[in-house]
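This briefing concerns a single protein model and its ligand. Please have the sequence and the structure open while reading.

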Amino acid sequence: MTDQIKELIKAAKERAVKETDSEPEPALTSAVDWPVDCKVGLGLEGAVACETTIGYVNGSKGWLIYRGLDCFELSEFSTFEETSYLLIFGKLPTQKELDEFKAKLGKYRVLTQEEWDAVNALPLGKGHPMSDLRSAVSVLGLLDPTSEDTSVEAETEVAIKLIAKLPVITGIVARTRHGEKPLQANPDLSLAADLVRMMSGNEPTEEDARVMDVCLILHADHGMNASTFTSMVVNSSLSDMYSSIVAGIGSLKGPLHGGANEAVLKTLEEIGSPDNVDAWYKKAREQKRKVMGFGHRVYKAYDPRARVLHPLAELLSKRDPKIQSLYEIAVKLESAVISELGKEKKIFPNVDFYSGIVYAAMKIETEMFTPIFAVSRVAGWTARVLEYLKKNRIFRPRGIYVGPAREEYVPIDKRG
Ligand code: SDX
C-alpha cells in the first residue's frame, strides 16, 4: 500500500514539472547585502524580514523546498522525524544521527507524571482544540526548568521537546473533548503513527500511518508565513521558545491561515452535493465570500502540497461514500474556482483544500485538523526561531501615521 502512495507522489511531481516546465532554480539567492530595497504592501506583503537557508517557496511556479530538497521527494522518501532533523540541523541525518534523534523524540514523547497531570488538569474541551493546545504548551513551559535559558543550545533542546510533545497533547485534547481516556505515547511507534493512535485509540493501518507522515512532512515549513513570523517576532525580543511557540499556535488558529482546513470541510458539507457546487459558487461570488482552501499570499500557481494531497484524498475517500461525495464536491469546486479566479486572480487550491478530506477519511474530527497542522509546523517554527536567534535583531517595523497632525487638549467639561 505504501508503494501506491509513493507512485501517487511521484506522479504528482511529474505533473508539476510538466505544468511548470521546470524545477526550482538551483541558485536561489546569495547572502543578502542589508539594507535591501523592497516594495511593501499592506500586511507586509513583499517585505523581506531576514535571510534564511531553511526553506524556499517559489510562488510563480508552485515549488516548495526545505534546505534545498523539494517537498515531492521528501514526501516520497523521507519521514517527519528525518524532515524535522533536516529543518533544525540543516542536513539529512546519518543513520546513527537519525536513530539518536528518534530515540530522543521517543523519550520526550512520554510525558513526565508532572506534565501529564498538569496538562490533564486543564479545562480542556471547553473551547477550540487550538486553544487547548496553546494552553498546554504554556503549561509545559512552566514545568521545564530550562525554559528561561535562551541560548541556542537550550532552545534547540526545547525545540526537540516540543516536536515530541505536541502530538501527545493533540491526542489528549482529541480524546478528552469527547470524555475518552487520554493515552500516553508509545515511543516504539513512529511519531505519525503514534499521533493517529493517541487521537483514535487504535493502532493505525500502515496506509494511515504513511499518509499522516506525508501530511506532517508537507506542513512542516513554509517560509515567512504568519505563524512562523509570529514565533520569530516573539523570540526576537530574546523571550523564550515556549512563549514563541504559544504565539505561533495562536496565529495558526485563524481561518485565514491554519484554520482554513477545518473551514474547507465545513464548506464542502455546506455544499452537500456535487450538483450544488455551481449554485453555491455563484452565490459565494455574489457575496464576495472567500472560498476557503484557495488563494495564497505567495503561490500564484497550484500549491505543490495540494498536488500531493489531492491524489491522497482521492485514494482515501474511496473508503466511505460520504467522504467520496466530499471529494467529488471538492474536485468540482476546484474546477469552478480555477476556471474563473484561477484565470483572473491566479487563485488556486492551497495546502488546506484537500488535507481535510484526507483527515476525514481517517475518521479524524474536523476541529482536530488545525492541531495536526501545528504538530507539523512546530518543526518549521522552531527551526526558524533558532536560525534567527543566531543573528538576532528585534523585529520592529513601522506604521505610516495618517492621523491628525496637532490637536489641542480639551478639558473634559468642554468636550461635546
Ligand atoms: C495557509 O503564508 C503561508 O504560507 C500560509 C500557509 C502555510 O503553509 O503556512 O501556506 C498555510 O495559511 C494557506 C492559506 C489558507 N487560507 C485560506 O484558504 C483562506 C482563504 N484564502 C484567502 O483568505 C487568501 O487567499 C489568503 C489569506 C490565503 C491570502 O490573502 P492575501 O494574499 O492577503 O490576498 P487578498 O485577501 O488580498 O486577496 C487578493 C484578491 C482579493 O480580491 P480583490 O479585492 O483584489 O478583488 O484575491 C481575492 C480577494 O478577494 N481572493 C479570494 C480568495 N483569496 C483571495 N477570493 C475568493 N476566495 C479566496 N480564497
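The model is predicted, so local features require pLDDT of at least 70 and side-chain atom pairs count only at pLDDT 80 or more, while totals for chains, interfaces and linings use all residues. Residues are numbered from 1 along each chain as its sequence is written, and side-chain values use heavy atoms, with hydrogens and water left out.

**Ligand site**

- The shell around the ligand holds 23 residues, of which His 222, His 296, Arg 297, Arg 305 and Arg 377 come nearest; a residue is near the ligand if one of its heavy atoms lies within 4 Å of it.
- By class, this shell divides into nine nonpolar, seven polar and seven charged residues. Ala, Val, Leu, Ile, Met, Phe, Trp, Tyr, Cys and Pro count as nonpolar, Asp, Glu, Lys and Arg as charged, and the others, Gly among them, as polar.
- Helices α15 (321-345) and α17 (369-390) each supply at least two residues of the shell. Helices (H or I, at least four residues) and strands (E, at least two) are DSSP runs, numbered from the N terminus.
- Oxygen atoms of the ligand lie 2.6 Å from a polar side-chain atom of His 222, 2.9 Å from one of Lys 290 and 2.6 Å from one of Arg 305. A polar contact is a pair of N or O atoms within 3.5 Å; within protein, one must be able to donate a hydrogen and the other to accept it, and residues adjacent in sequence count only if both atoms are side-chain atoms.
- The protein buries 72% of the 1,100 Å² that the ligand exposes when taken alone. Accessible areas come from the Shrake-Rupley method with a 1.4 Å probe; for residues, only the protein chains shown count as cover.

**Two buried arginines**

- Arg 384 lies in helix α17 and is buried, with a relative accessible area of 1%. Buried means under 20% relative accessible area, exposed over 50%, and partly exposed in between (1.4 Å probe, protein chains only).
- Leaving aside neighbours within four places in sequence, the contacts of Arg 384 include Thr 52, Ile 54, Asp 221 and Met 232; contact means heavy atoms within 4.5 Å.
- The C-alpha atoms of Arg 384 and Thr 53 are separated by 9.3 Å, although these residues are 331 residues apart along the chain.
- Arg 175 belongs to helix α7 (residues 152-176) and counts as buried at 11% relative accessibility.
- The side chain of Arg 175 reaches the backbone oxygen of Lys 181 at 2.7 Å. Beyond four places in sequence, Arg 175 also touches residues including Glu 180, Pro 182, Met 198 and Gly 201.

**Cysteines**

- The model has zero disulfides, a disulfide being a pair of cysteine sulfur atoms within 2.5 Å.
- Cys 71 is in no disulfide, and the nearest cysteine sulfur, that of Cys 215, is 12 Å away.
- Cys 71 is buried at 1% relative accessible area, and Cys 215 is buried at 0%.

**Backbone geometry**

- Most residues other than glycine have a negative phi, and most peptide bonds are trans.
- Trp 34 and Pro 35 are joined by a cis peptide bond with omega of about -5°; Pro 35 lies in the loop between α1 (2-20) and β1 (55-58).
- Arg 67, in the loop between β2 (63-66) and β3 (69-70), has a positive phi of about 50°.
- Leu 238, in the loop between α10 (226-235) and α11 (241-252), has a positive phi of about 65°.
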